[in-house]
Amino acid sequence: MPVPAVVALGANLGDRAATLAQAVAELRRLPLVDRVQAADPIESVAVTLDGPSTAAPAYLNSVAIVQTRLAPSVLLGFLHAIEARHGRERTVRWGDRTLDLDLIAYGDLRSDDPRLLLPHPRAAERDFVLAPWLAVDPDAVLPGSGRVDQLLAALREAR
């Protein structure tokens with residue numbers, strides 16, 4: 001049976017909109033992927049190791065819900081391959097990126113394997129993940145954290 005996987009997409013270098021559109025098209029072409037539903041991109045300030053930075057180029061972010069029969073580790077491998085095709089270099093943690101694809105959730109699966117942490121450990125803290133996710137799935141739930149609409153409201157209240 002297909003499992004809904006949540007993939008966050010982001011880019012802050014190059015033609016961000018074209019890169020995100022191409023990445024979504026590549027997700028749709030993956031084997032054992034039955035459907036991909038992507039949110040319209042939103043712009044957000046870059047988050048660095050030192051916190052939000054208006055000095056860094058702004059990100060364009062989206063979320064795609066991927067109905068897949070791929071194992072989560074295999075899906076993650078495909079995500080890394082898509083990033084690499086778009087020039088992603090992993091030289092600076094939380095640095096500028098041509099493309100960033102994060103596996104946020106894979107059904108209700110929980111994993112504490114350092115190679116595949118599920119759900120994504122910081123997803124509940126990121127409005128640039130929660131807002132587009134909510135746009136494509138108004139009833140979304142982040143496993144272990146709760147309803148996405150409530151998590152997003154709490155983040156916005158805290159500001």
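The largest nonpolar core of this predicted model holds 25 residues. Leu27, Val66, Leu75, Leu79, Leu101 and Leu103 touch the most other members. Two or more residues come from each of β1 (3-11), α1 (16-28), β2 (33-38), β6 (59-68), α2 (72-85), β7 (100-106) and β9 (116-118). A second core of 19 residues is separate and includes Ile65, Leu130, Val148 and Leu152. In soluble globular proteins, nonpolar side chains tend to be buried together.

Contacts of Leu103 were listed without residues up to four places away in sequence. Those that remain are Ala5, Val6, Val7, Pro72, Leu75, Leu76, Leu79, Leu116, Leu118 and His120. His120 lies in the loop between β9 and α3 (127-136). Its relative accessibility is 16%, so His120 counts as buried. With neighbours within four places in sequence set aside, His120 contacts Asp102, Leu103 and Ile104.

Helix α1 has 13 residues, which should span 18 Å at 1.5 Å a residue. The end C-alpha atoms of α1 are 19 Å apart, in agreement with that expectation. Buried positions in α1 are Thr19, Leu20, Ala23, Val24, Glu26 and Leu27. Viewed down the axis of α1, these buried residues fall within an arc of 160 degrees and therefore line one face of the helix. An α-helix has 3.6 residues a turn, so residues three or four places apart point the same way. The buried residues of α1 pack against β1, β2, β6, α2 and β7.

How values were computed: Residues numbered from 1 in each chain as written. Predicted model: local features only at pLDDT ≥ 70, side-chain atom pairs only at ≥ 80, totals over all residues. Heavy atoms only, no water. Core = buried A, V, L, I, M, F, W, Y, C linked by side-chain atoms within 4.5 Å. Buried < 20%, exposed > 50% of the residue type's maximum accessible area, 1.4 Å probe, protein only. Helix = DSSP H or I, 4+ residues; strand = E, 2+ residues; numbered from the N terminus. Contact = heavy atoms within 4.5 Å. Expected span 1.5 Å × (residues − 1). Arc of directions from axis to C-beta.
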